[in-house]
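Biologist: I have the sequence and the model open. Can I ask you some questions about it?

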Amino acid sequence: MSNKDSDSDNDWYDEETNRRRNRLQNIERQQNKSTDSLFEKHKSSWFQEGLEINRYEYIRTEKVSDSKPFLYPNVFLSFDETKYITQPEIYKKCTMKIQSMEEAICIPEEEKNLKINIAGRANCGQTYTEDTVYVKISNKGKPEKDKKYYGEVVSFVDRKRFKNVSHPVFVCLVDRRQSHLMIPICKTVPKICILHGRLATRYPERLKTSVEIHKHDSNTNDLKFHKYHNITDGDKENWLFFVVLLKWKITNMNPLGAVIGVVHSSKNIEEGLTLIALQNRLHLWLDYPSVEEIRDLKVDLNTPGYKDLIKSDNIFTIAGMEEGVINHGFSIRKIKKNIYKVGVHITDVSKFIQKGDAIDLGARSRGFSIYSTNTAQNKHMLPDHINHLCSLEPSRRRYAISVYFEMDQTDSSNICVSNQTILRTIIKSTAHYNYLDIEHILHNQGHINDIFAKDIQLLFRLSKKLRLKRLRMESFTSPVVVDFTASDRIMKTKNAHTLVEEYFHSPVM
């Protein structure tokens, strides 16, 4: 095997990787020097340990209660557990999953496929997502007839999230209609009613456009008013608020809380993602308990069970400019008139990582990768060496999972998809494009003589028919979320993104 096709352990020590790691460390040092950083050691602990709070009652609270009278049933009273044993068809021990303000689902511990719908806040009780609770099934009709079970929480058993934490801190979005209501992105509780007595008293006209920010004194554990924060309707979803839960009275539909910090997620996406990771207890930084395991990885591209497609398929890849890892590729060839065989190829990480090993557990703890316009700031779920071994770089032999299907467009008003096949394969990409390259090819702007230009244009035409068949009139809406920070901006490369998204989100996959 030639050096070009080999993946040596020495790649772990290559100069570019070391330079990138050094740049990242320098950036981290500079960020850690910032006194305004939201991720100082004591603040990052907010999301795991909550806050200690001594006094907050002096803040005017006459305007922070819910407008309508409300009373929760007390699910924290003792429960006669013999009912659970003697009436198992009615009483179930379940895990709570909050879906929205008015709805939750409970999954019985012994019947994981059963879902009990809990409608109405009163029926949910003062519970958190992932709480263990007793549920009473209360269908008026026969569940087996309408295939839906309904019930109510009758008793609290145990708490998983923020157990023994009196004042947990949540990352929240502001409610679209009422700025004094905050929605935790983790769905631990549906909404939190924040302190807004000063606004209600002094500036009632600003109740929908301003939020009270409070400051926590770590020395005295006091909570004090700090400032007002203004928001606009068009910009509400870009703000992430840190809200500490203060108390949850049985007479209040929503718990009472206070905003103790705010960040604009679209202006500082990395910081916003870090907050979300902290809220969900994900680790952003690579730890290296498995360095030896990583170094021992070797590539044997003669593995049985993998079909070698290098000589039979012409494959090209697409990735954003800021992405350091190429994960997917495409191929297409004509079988006969109006019938084409399309291939979608994704990197097969399972060749290097086994479920439950140290590398897999580390990746799970991080949860996602972050791509920045500055590639030195990219943070990956997997270590650099594995990313290098898996990236579908041109002229490199790589393990992949390939999905093939035939597309028949003999009927111009319809498109038929058939003969889906999934294979473990060995592939070699011939060319790589970013989204701007693809967009230029689709608009006949340069690259016209490119070897894959006709294939890319054909794949796009077929993807439009797939999309129209799948969504009908809804197919004219955008399938992608706009990220104005990307180097190849989505609004300028909409067709290119649509092509990729359709083949990965279509039912054929």
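Biologist: Leaving aside its neighbours within four places in sequence, which residues is I456 in contact with?

Modeller: I456 touches F316, Y433, I438, I441, L442 and L499, once neighbours within four places are left aside. Contact means heavy atoms within 4.5 Å.

Biologist: Before we go on, what should I know about the model?

Modeller: It is a predicted model, where local features need pLDDT of at least 70 and side-chain atom pairs count only at pLDDT 80 or more, while totals for chains, interfaces and linings use all residues. Residues are numbered from 1 along each chain as its sequence is written, and side-chain values use heavy atoms, with hydrogens and water left out.

Biologist: Back to I456. Which residues touch the most other members of the largest nonpolar core?

Modeller: I456 and Y503 do, in a core of 29 residues. A nonpolar core is a set of buried Ala, Val, Leu, Ile, Met, Phe, Trp, Tyr and Cys residues joined through side-chain atoms within 4.5 Å. Buried means under 20% relative accessible area, exposed means over 50%, and partly exposed is in between, using a 1.4 Å probe and protein chains only.

Biologist: Which elements give two or more residues to this core?

Modeller: The strands are β14 (315–318), β15 (328–336), β16 (339–347), β17 (397–408) and β18 (416–433). The helices are α12, α13 (453–471) and α14 (494–505). With seven residues, α13 gives the most. Helices (H or I, at least four residues) and strands (E, at least two) are DSSP runs, numbered from the N terminus.

Biologist: What else is there by way of cores?

Modeller: A second, separate core has 23 residues, including C172, I213, I231 and V262. In soluble globular proteins, nonpolar side chains tend to be buried together.

Biologist: What happens at the start of α12?

Modeller: A side-chain oxygen of N434 comes to within 3.0 Å of the backbone nitrogen of L436. That is a polar contact, a pair of N or O atoms within 3.5 Å; within protein, one must be able to donate a hydrogen and the other to accept it, and residues adjacent in sequence count only if both atoms are side-chain atoms.

Biologist: And which residue follows α12?

Modeller: N444 follows α12, and its phi is positive, near 55°.

Biologist: New topic. Which strands make up the closed barrel?

Modeller: There are five, in the order β1-β2-β3-β5-β4, with mixed pairing. From one strand to the next, the twist averages 50°. Axes are lines fitted to C-alpha atoms, for helices over the stretch in contact, and angles run from 0 to 180 degrees between N-to-C directions. Two strands pair if DSSP finds at least two bridges between them.

Biologist: How many residues lie between β1 and β2 in their hairpin?

Modeller: Four. β1 and strand β2 (residues 103–108) pair in the antiparallel sense over five bridges. C94 stands opposite P108, and K97 has I105 as its bridge partner.

Biologist: Where is T129 found?

Modeller: T129 is in the loop between α5 (121–124) and β4. T129 counts as buried because its relative accessibility is 7%. A polar atom of the T129 side chain lies 3.2 Å from the backbone nitrogen of I98.

Biologist: Why does C186 count as buried?

Modeller: Because its relative accessibility is 9%. C390 is buried too, with a relative accessible area of 4%.
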